[in-house]
Amino acid sequence: MSDLLLSVEQVEVVYHDVVTAVQGVNLTARAGQIVCLLGSNGAGKTTTLRAISGFIGLDHARVTGGRIVFAGEDIANAAPHICARAGIALVAERDKVFEQLSVRENLEIGMVAGKTGSQAAGGDRLDLKGIYRFFPELERLTGRQAGFLSGGERQMLAIGSALLTSPRLLLIDELSLGLAPVVVERLAAALTDIRDALGITILLVEQNANIALSIADYGFVMENGRIVLDGDAGRLLAHGDIQEFYLGQGAAAGERRSYRAVKQYARKRRWYG
Amino acid sequence: MARASGYLKTGYGQQLVLVETRMQWMLLALLAAALLALPLFASFFLLDLAGQIFLAVIGAVALMLLTGIAGQVSLGHAGLLAAGALVTGILTQEAGAPFWITLPAATIAGALLGLLFGLPSLRLKGLYLGISTLALHFIVVFLGQEYETIRGFSTGISVHPPRIFGWELYDPAAWYYVLLAFDVVVVLFALNLLRSRTGRAWRAVHERDVVAEALGVSVFRAKLSAFVISSALTALAGAVFSYYRGFVSVEAFSLFVTIQYVAMVIIGGLGSILGAILGAIFVTMFPYAIEAALETTGLAAALAGYVFAINYALFGLVMLAFLLFEPDGLAGIWRRLRDYFFLWPFRKTPLAGGE
Amino acid sequence: MLKKLLLTGAVMASMAGTALGQDSYVVGISGALTGPGAGTYAPVIEAVRMYFDKVNKAGGINGHKVDLVALDNQSNPSKAAADTKRLLLQDNALIIVNSSLSSTYEPMINETNRAGAPLLFGGSVCPTQVFPKADPLLFCTTSFGAHYDSNMALAFIKQAAKEDVMIGFSAMAIPVSRGEIDYAEEQAPKMGFKPVAKEIIPPPTANYGPHAVKIKDAGANWVYSWAPWVTQIKTFEALRTQGWGGKMIAFGHINAEDELARVKDDGFYVFGANALFQEGLPIHKEIEETAKAAGATFPVTQLAEGWVVAMALDAALTKTGWPASREKLAAVMNDLEIDTKGLRGGPVKWTADNHFRTDAFYRVYRWDSAKNAIVSESDWVSFPVN
Amino acid sequence: MQLLANYLTLAALYALIACGYVLVYRVSRVLTLAHGEVMMVGAYLLLTMGTLFHLPPLPAFIAALLMSLVVGLAIYWMVMRRMAGETVFAAVLVTIALGILLRGAMALVWTPRLQYPAEAIAMENPSVALGGSVAVSQASLLIIASAVLVYGGLFLFFRHTTWGVRMRAVGENPRLAAQRGIAPHGPLALAWGIAALTGGLAGMLLSIDTGIDEAMAIIGLKTFPVVLVGGLDSLSGAIIGALVVAGAEILAIYYVDPLVADVAPFLVLLAILMVRPWGLFGTREELDRV
């Protein structure tokens, strides 16, 4: 476990001093891994992600229990820009790019801040060229105002800009949300490339388990503010509950049942044959 | 007004009751007795101060309804006061109208101005709205000044004390009771308004007008009614002011007056009628308190030429302090104090994780 | 000095209800000690205070001291009304003095008339009620007075101008100033002048340029302004900036002497009723010495106006004798001649229907760059007031 | 022609004042109502440089400008920083309170009477002939030149410098900026600093022309319509706003009645807001934020 980069230990997050959003969350990511965090709406995935990136402070929430250890330091409740400078980059679900800035300026913002951040473990310092290598589309659009980009282009720009802060850990919230399947596949492939090339750890929060598990090394499943299941991506992909939960026919039809419902169903099936 | 706590309401009727407990009745009676007896002891200076406070309360309650409750920013408050006063002055000068004509006329004029300047609120929000109401101020002052110049009232328009059945309202103590009665009526009116459909609509619009619209509140009606009612009350306050002081002059309604009223609702605590009253008391007494403080500490001699500047600077400082450290204002402080005594010796324990 | 004044006021205020005037003359002042306009009015009140400190030290008037209760109305009409009520009802003042912006007049007149007390305007513009046919209770010693000032200015232009006069006017957008300039505009054609421009300028104006351009483009070779000093001087400076070569006459407010020396322009005339200190009359020496001894806060050049107010009060109280009452004092003031000892061109004389002065004396000054000093353009000129 | 020169002077002055409002608004979403007072601080600092240190014009200006910058930074650091996360309305009220405080403090330090910084720093303000019969004061020329320089400088700054891009980023989306590792305090403080610097400069130049007293704060207030006409978050809008409002004012003085000059800007503003509630160049969504 020497190459453990991130470890979330028994974390509890409380909103407005009253509402407990997640409780006893345990999660780890090793250097160079792609880890995914699955769960249905409201399971607490995003809260966990925002706790790691320091953003919950802006939403009147606090980590009230447990530790978030990143590269050996507890960063629970640190301000977002501190987390960013420590080497954590977040690609949020909304608020992806500065719409009034050009593509180039968006990327440069990352670079500016990246000067103070830690260098990607083992990787060389990235520059614009490096980003254009992963996302050639952006080079073409370099002078374009980011507000006019398509959804896929925005996502690429957001990832590119985040990468330029030289992170060691890249957090991505809902990579696939609202994007065409072709684009999602393209992005997923790029993420694998990025990991391979830069050795960056990626934590992916996804509702689309298929895509996530296909590129991830390890996966966690959240339900009602707790981690209920974890394991190697391959094993999860083969796990019956996950099959039922995310990949089954119901899921394909757009109906995603909760993990608990799936468990109950499975139990009933065992009892009643 | 203190609210009861610690017991359950068992019917909707109880929600609508203004005074809930016997204790509150007693306190209110005590307060009323004190207020009624004050002129028997107070010097002229104190009576006049009380009169100023009573006048300020009307204006502050009006602004509280608009800004604190309905959430519509207005920087035209001094303009509306001026409008009410000017209508009174012009009617007395040109037509010799008695108070029972001028007061309603001023109120109606205020309502019409409110309608006119509430219209932008349907399209404008927040700061933009504030600035557009600022235009109201400049326009009223401009018109008032034109009138004063053209009619040759270069030093202001004189308004004679109101006559009621041949009896002239001039004595400070008499004014005290009249203004007190005015305040009681205005405060009761405001409190009742807030419990009505209109009041609830205002609060809803304040929270989020889009949602309010979706819930079936007519945003159009709510915003306009807030402007109209608040402006009518404000203009009425201006008219009463002109009778109390016996004159009208646009110079008496500078932009600083607007700021003072805004300060009253902030310092008092946005969203509460009690806050408006406390704020009016605080802001009106503030300069006198500073002068008294300077004098008792012996600093008056050293700072004589600077009293105005000191007052001004400290006023800004206090307003700033309230905004930064006590956003709930005096009403918030009052609630905390009350809860503390109410619950003593059982200290309130905050919810887990709270501070 | 001012400190003492305010302290007295404050102490008086705290002694709510205590009857004053058992064995002294009580004079109430409601003026702008601080706040807007204080620059003009505070020196007046300070001079009055200095004067009576001196008088009291020398034994008072008719053997009785003069109690001065000065309240700071900060040019706020509402506060002026409250202060006056208090001075009359609580402090039992014999007479009230107003030295403040004109917006405070109406409320104060209301209160004093009701109480039957005389009200003296000192240093602030004289209201119309003091001119014939005067209100029995209102009086004024202020050096400027509507209509007579404009008559004087126009007469001076008539005498000084060698060419045909195309006259421009400048006023501040306040009723007092506008009214007077309207009057002057009416009078100008009667003097044979051609009024070509009239600019009414809002008080906080970022740029006087556009207003000046209008006056200049209209072809004015003389400009007359009767307004607070700011408007007068800024109009003039903007005109000069535009390269205007004409001459301007404006009223000499209390800071005129210092300002003439600052602007140093031969074509800028000021007229007024007070003799400037550079004339060095004995009365000027006396004021200077008193000011020095009392540690005055304001330049001595600004104290003449208030000195005249004090002289008037002194004369009125002396003639009233002891015991004094409001009625007695008012009766005396309805027939009174105040010796100004050269501060004015002649005595200030009040009669039953004239509470301004029977004769208005004026003098015109300007900067003379050849002599590098302020020079007097004319000797005292007088206009009968009726 | 003379009219045109005066028009440009007034427009330049308004633009110079307005850019402070826009800068602060754009980066922190706060409409500052203390800008007039900040202008006055600048002018008084210039005065003090002359009366206390007897500096000649250029060093006096430089020193006063630097001190204005510090005043702006201090305002952010001591007051506005605490308003993070509060409602926009509360923040605006804080600036009102700040304005009152500053005005009182200035009256205490410098007295409220009319004073002349030009005399204090021994600066001549001659009339400059521009050919024909057109002449303006030297200070007017300086105002026009400063406005051009300041706006040119700001455009370059925002386009091409790291800090400029950062300020735009924080202004548009402070959360995202934080995600990219930008601490919000730097750009916000800088915005207040530059606003105080440009406002102070406007105040100083104006005071050279007309002296300084309390009325200057009201001139700051009269610049509101300029900013709102152009759109609160747009620098180029501020230029257009200044041209429109100054034009309305000058036309009112020249062709209608000088008395209307005070009201004209507000009438223009009302008219424009009725048609485009977010100003000529403002961003539409801004309306929902305030």
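In the predicted model, buried residues account for 53% of the 273 residues of chain A. This chain contains 12 helices and 10 strands. Of the contacts in chain A with a separation of 6 or more, 69% involve residues 24 or more positions apart. Two cysteines of the chain, A:Cys36 and A:Cys83, were examined for accessibility. A:Cys36 counts as buried because its relative accessibility is 0%, and A:Cys83 is likewise buried, with a relative accessible area of 1%.

Most residues other than glycine have a negative phi. A:Asn224, which is not a glycine, has a positive phi of about 50°. This residue is placed in the loop between strand 9 (218-223) and strand 10 (226-232) of chain A. With a relative accessible area of 46%, A:Asn224 is partly exposed.

Chain B is built from 15 helices and 4 strands. Among its 355 residues, 53% count as buried. Contacts in chain B between residues at least 6 apart in sequence join residues at least 24 apart in 75% of cases. One of its helices, helix 10 (residues 219-245), has 27 residues and reaches 39 Å from its first C-alpha to its last, close to the 39 Å expected at 1.5 Å a residue. Helix 10 of chain B is mostly covered, since 22 of its 27 residues are buried. B:Gly246 follows this helix and has a positive phi, near 75°.

The arrangement of the chains was considered next. Chain A and chain C, in contrast, are joined by no contact, and their closest C-alpha atoms lie 35 Å apart. Between chain D and chain A, 21 residues of chain D are in contact with 26 residues of chain A. The area buried between chain D and chain A is about 2200 Å², and carbon and sulfur atoms give 53% of this area. D:Arg175, D:Gln179 and D:Arg180 supply 36% of the area that chain D buries against chain A, more than any other three residues.

In chain C, an open sheet of 5 strands has the order 2-1-3-4-5 with parallel pairing. Strand 2 (65-72) and strand 5 (138-140) of chain C stand at the edges, each with a single partner strand, so one side of each has no neighbour in the sheet. On average, neighbouring strands of this sheet are turned by 25° against each other, direction ignored. Strand 1 (residues 24-31) and strand 3 (residues 95-99) of chain C run parallel and are joined by 5 bridges. In this pairing, C:Asn98 of strand 3 is the bridge partner of C:Ser30.

The link of C:Cys126 and C:Cys140 is left-handed, with -70° about the S-S bond. C:Cys126 counts as buried at 4% relative accessibility, as does C:Cys140 at 0%.

The loop between strand 4 and strand 5 of chain C also holds C:Lys133. The peptide bond from C:Pro132 to C:Lys133 is cis, with omega near 0°. A cis peptide bond also joins C:Trp322 and C:Pro323, where omega is about -5°. C:Pro323 is placed in the loop between helix 11 (304-320) and helix 12 (326-333) of chain C. Most peptide bonds are trans.

A positive phi in a residue other than glycine is found at C:Gln74, where the value is near 50°. C:Gln74 is located in the loop between strand 2 and helix 3 (77-89) of chain C. With a relative accessible area of 13%, C:Gln74 is buried.

Helix 5 (residues 148-160) of chain C has 13 residues and reaches 18 Å from its first C-alpha to its last, close to the 18 Å expected at 1.5 Å a residue. The buried residues of helix 5 include C:Tyr148, C:Met152, C:Leu154, C:Phe156 and C:Ile157. C:Asp149 and C:Ser150 are also among the buried residues of this helix.

Notes:
Residues numbered from 1 in each chain as written. Chains lettered and ligands numbered in written order. Predicted model: local features only at pLDDT ≥ 70, side-chain atom pairs only at ≥ 80, totals over all residues. Heavy atoms only, no water. Pairing = 2+ DSSP bridges. Helix = DSSP H or I, 4+ residues; strand = E, 2+ residues; numbered from the N terminus. Axes fitted to C-alpha atoms, helices over the stretch in contact; angles between N-to-C directions. Contact = heavy atoms within 4.5 Å. Expected span 1.5 Å × (residues − 1). Buried < 20%, exposed > 50% of the residue type's maximum accessible area, 1.4 Å probe, protein only. Disulfide = S-S within 2.5 Å. Buried area = accessible area lost by both parts, 1.4 Å probe.
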